[in-house]
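Me: I want to go through this structure and ask what stands behind each label. Please set the values against the definitions.

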Amino acid sequence: MMTYDSSNLNLPGYRAIAEIYRDAKTVVYRAERVGLAVGMEPRLVAIKVLASAYPTESDLLALRHQYAIASSLDLEGSVRVYSLEEVDRGYALVMEYFGGISLDRYCQDRQDRCLSPIETIEIAIQLADTLHALDRQQIVHQDIKPAHILIQPQTKQVKLIDFSIAAILPHGTPAPIAPQRLAGTLAYLAPEQTGLDYRTDFYALGVTLYERQVCDTRSTVWAGSSHPHLA
């Protein structure tokens, strides 16, 4: 697969500074406004592009869906989305940059590689408030996991990212799920996938915080731990 060269971003008004995240489908990097956009605030932003130079239709739809959901939110607990720009054969999602790193990396950078009980409680309170606010707007994130939780190391502010598979519930009622339509990351899915509502996200949050407090990993959690019943 031909990948996208983020060091040569062809997006007028922005210059890439550093790549800050990459997976099989997307690249995210810190950028700054240049040229006519210099006077706009904020100067520093995060920009997410598709990793492939020839993205699939489903990849394009996921990025457009993420923009549609995230740009409608005005929450302290979710990264703000400013615009969706066309770039080459795909899109560039221009987002808030607040110096956050993934919860995974935050734990990996620590000597003991896990959260203290106090940190766990502080993070849980922030994320529970955010999930409650999403529920009031009838939105389910569907993919809560450490990679989609950013924490600012100095201020400890926490924000959610990546609403690419988020769902809007009809009239706030649980939505039935067909087995072939399961979405999310397997290690964080509730075992009883009979319906989709706010409990989907709160279950995944419980698993995430359990893992990070006991310094567990997904490779060992499902190998013998009973922690899903505690989430």
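Me: What makes strand 1 and strand 2 a pair?

Reply: Strand 1 (residues 14–22) and strand 2 run antiparallel and share seven bridges. Two strands pair if DSSP finds at least two bridges between them, so strand 1 and strand 2 qualify with seven. Three residues lie between the two strands, and together they form a hairpin. Strands here are DSSP runs of E with at least two residues, helices are runs of H or I with at least four, and both are numbered from the N terminus. The model is predicted: local features need pLDDT of at least 70, side-chain atom pairs count only at pLDDT 80 or more, and totals for chains, interfaces and linings use all residues. Residues are numbered from 1 along each chain as its sequence is written, and side-chain values use heavy atoms, with hydrogens and water left out.

Me: Why is strand 2 called mostly covered?

Reply: Seven of the eight residues in strand 2 (residues 26–33) are buried. Buried means under 20% relative accessible area, exposed over 50%, and partly exposed in between (1.4 Å probe, protein chains only).

Me: Why does Lys159 count as buried?

Reply: Its relative accessibility is 1%, so Lys159 falls under the 20% limit. Lys159 sits in strand 9 (residues 158–160).

Me: What does the side chain of Lys159 reach, and at what distance?

Reply: The side chain of Lys159 reaches the backbone oxygen of Glu76 at 2.7 Å. A polar contact is a pair of N or O atoms within 3.5 Å; within protein, one must be able to donate a hydrogen and the other to accept it, and residues adjacent in sequence count only if both atoms are side-chain atoms.

Me: Are Lys156 and Asp162 buried or partly exposed?

Reply: Lys156 has 29% relative accessibility, so it is partly exposed. Asp162 has 16%, so it is buried. Lys156 lies in the loop between strand 8 (149–151) and strand 9. Asp162 lies in the loop between strand 9 and strand 10 (167–168). Lys156 has a positive phi of about 65° although it is not a glycine.

Me: What is the volume of the largest pocket, and which residues are closest to its centre?

Reply: The volume is about 830 Å³. Of the 37 lining residues, Tyr21, Thr26, Val28, Lys48 and Asp162 are the closest to the centre. Helix 1 (57–70) is among the elements that give two or more residues, and its five residues are the largest share. A pocket is an open set of points on a 1 Å grid over the protein atoms alone, with protein on both sides within 12 Å along at least five of seven lines; a cavity is a set where a 1.4 Å probe fits but cannot get out; lining residues have an atom within 4 Å of a point. Grid points are joined across faces, edges and corners, and a volume is the space filled by probe spheres set on the points.

Me: How many cavities of 30 Å³ or more does the search find?

Reply: The search of the whole structure finds three. The largest cavity has a volume of about 50 Å³.
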